[in-house]
Amino acid sequence: MNLSDPSLDFDELFPMIFNISSNLLSITRVADNCILRVNPAWLNAFGYQASEVVGKTSQELNLWVDQAQRQCLKNVIETDGEHDQFEALFQGKDGRRRHCLVTARAFDNKGVECYLFSSEDITADKQAEKTVLASRAILADAIESINEGFVLYDASHRLIVCNSKFREFYGYSKSETAPGVSAIELGRLDVQRGAVLLPPEASGEEYSLRRENLGAGLSKFMVVQLRDGRHLLLSDRQTDSGGIVSIQTDISELKHAEKELSRLRDEAVAANHAKSEFLAHMSHELRTPLNSILGFTQVMREQLFGP
């Protein structure tokens with residue numbers, strides 16, 4: 001359709017566009033703020049009949065939840081004659097509230113100054129945003145409450161979120177674990193500070209780059225000792241999106257139990273060895289007199305000394 005075609009009758013075209021628009025449209029008179037016209041989408045959103053709205057003001061209908069928002073928009077339009085994407089909260093006839101992005105234009109209607117308001121209902125978007133924020137808060141609380149250190153990196157191995165246990169293990173500050181920090185940088189910081197005592201077979205660079213070749217769905221494990229003597233089991237796993245989930249578990253008690261078990265095993269081996277030596281010695285000590293007794297018995301049995 002060529003809108004510049006002189007054969008088009010805009011007196012007929014405007015009402016048609018006005019009525020079929022999905023945006024909430026309204027026209028008010030500047031002089032007294034009376035509503036002159038609203039479209040079906042507006043009526044449907046706020047639950048009114050046209051006869052209940054036309055000739056009334058938004059204040060009489062109690063449309064604006066926050067009158068300060070209304071005054072702010074009014075001031076801008078009076079100064080500039082227009083405004084785009086003004087976020088406001090309205091309520092309908094039944095009291096239900098709707099978040100809208102309002103675009104306003106001042107225009108002259110046959111000598112009468114008017115405002116045209118076009119509002120986009122973003123209530124569903126706001127509710128979805130609220131739900132996402134609530135879910136994030138629950139997830140953040142869950143991550144914070146676990147006893148293990150937790151950190152999540154994106155596909156570029158840059159930090160997304162971590163808990164305070166993770167920071168406490170390595171002595172990081174909040175600024176050092178801000179979103180966007182590289183996992184490699186944190187690893188090198190651990191080595192530089194001596195926050196971790198690596199096993200002899202592991203180099204500092206190997207520790208820092210340990211996640212670089214991690215395949216999808218695979219896990220990599222590593223045990224490190226912290227400067228304070230605690231032992232951590234590091235479990236790194238790549239997500240389907242290419243990110244990395246890393247869990248740091250304190251296994252100090254297991255290491256202590258393992259060491260104690262090793263000590264007890266060594267003591268048992270030593271005790272068993274001592275018992276074997278004792279029995280061998282006693283066997284020798286007993287064998288010597290027994291041989292003499294057996295020999296003398298043999299002599300008596302054969303009556304070598306006479307009857």
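**Exercise 1.** Determine which elements cover the buried residues of helix H7, and list those buried residues.

*Solution.* The cover of the buried residues of H7 includes strand S6 (149-153), strand S7 (159-162), helix H6 (164-170), strand S8 (196-197) and helix H8 (204-208), where contact means heavy atoms within 4.5 Å. Helices (H or I, at least four residues) and strands (E, at least two) are DSSP runs, numbered from the N terminus. This is a predicted model, in which local features need pLDDT of at least 70 and side-chain atom pairs count only at pLDDT 80 or more, while totals for chains, interfaces and linings use all residues. Residues are numbered from 1 along each chain as its sequence is written, and side-chain values use heavy atoms, with hydrogens and water left out.

**Exercise 2.** Describe what is found at the N-terminal end of H7 and what follows the helix.

*Solution.* After the helix comes glycine 194, whose phi is positive, near 75°.

**Exercise 3.** Classify the aromatic pair of phenylalanine 166 and tyrosine 172.

*Solution.* The structure holds 9 aromatic pairs, counted when ring centres of Phe, Tyr and Trp (its six-membered ring) lie within 6.5 Å, with planes under 30 degrees apart stacked, over 60 edge-to-face and the rest tilted. Phenylalanine 166 and tyrosine 172 lie 5.4 Å centre to centre with 45° between the planes, so the pair is tilted. Phenylalanine 166 is buried, at 2% relative accessible area, and tyrosine 172 is buried at 8%.

Terms used
Buried < 20%, exposed > 50% of the residue type's maximum accessible area, 1.4 Å probe, protein only. Polar contact = N/O pair within 3.5 Å; in protein donor to acceptor, adjacent residues only side chain to side chain.
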